[in-house]
Amino acid sequence: MKVAFTGASGFIAKAIREKLSANEVEFFALKRNASFQEWKQIIQKADVIINLAGAPVIQRWTKKNRTEIYDSRILTTRKLVNILNELEIIETEKLFISASAIGLYPNSGDQLN
């Protein structure tokens, strides 16, 4: 199986790679600054595309940072969908997983939520 990731250096992607590494899985990073064509070439050979891209939200929410948070999620997902929509029908039998979330936890240290 061949898996392409956005957010490949992140915590969740690392955990997925660790879990699947014993199963003869090839991993490909979809790098943030790579071109549309570079991503398309990787996606064409992938069986699974996992979208975990997203700038950290735990930062000051300035106008610039809000734009980066938005773009890193919305524009990345849009780019992936556009590539998938361009593929030939035979190439489109792929699993596409996309996730983006934030959790807030109390600082008390003694509560389970």
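A contact here means that heavy atoms lie within 4.5 Å. In this predicted model, residues 24 or more positions apart account for 63% of the contacts in the chain with a separation of 6 or more. The chain has 113 residues, of which 30% count as buried, and its secondary structure comes to 3 helices and 4 strands.

**Fold and surface**

**Nonpolar patch**

- Tyr70, Ile74 and Leu75 together form a nonpolar patch on the surface, and their accessible area comes to about 260 Å² in total.
- Tyr70, one of the residues in this patch, has its place in helix H3, which covers residues 63-86.
- Tyr70 counts as partly exposed because its relative accessible area is 46%, a value that falls between the limits of under 20% for buried and over 50% for exposed.

**Largest pocket**

- The largest pocket has a volume of about 910 Å³, and among the 31 residues that line this pocket, Gly7, Leu52, Ala53, Gly54 and Ala55 are the closest to its centre.
- Helix H1, which covers residues 11-20, and helix H3 each supply at least two residues of the lining of the largest pocket.
- Helix H3 gives the most to that lining, with 7 residues, and H3 is also the helix in which Tyr70 of the nonpolar patch is placed.

Note on methods: Residues are numbered from 1 along each chain as its sequence is written. This is a predicted model: local features need pLDDT of at least 70, side-chain atom pairs count only at pLDDT 80 or more; totals for chains, interfaces and linings use all residues. Side-chain values use heavy atoms; hydrogens and water are left out. Buried means under 20% relative accessible area, exposed over 50%, partly exposed in between (1.4 Å probe, protein chains only). Patches are made of residues with over 30% relative accessible area and no salt bridge: like charges are joined within 9 Å, nonpolar side chains (Val, Leu, Ile, Met, Phe, Trp, Tyr) within 5 Å. Accessible areas come from the Shrake-Rupley method with a 1.4 Å probe; for residues, only the protein chains shown count as cover. A salt bridge is a side-chain nitrogen of Lys or Arg within 4 Å of a carboxyl oxygen of Asp or Glu. On a 1 Å grid over the protein atoms alone, a cavity is a set of points where a 1.4 Å probe fits but cannot get out, and a pocket is an open set with protein on both sides within 12 Å along at least five of seven lines; lining residues have an atom within 4 Å of a point. Grid points are joined across faces, edges and corners, and a volume is the space filled by probe spheres set on the points.
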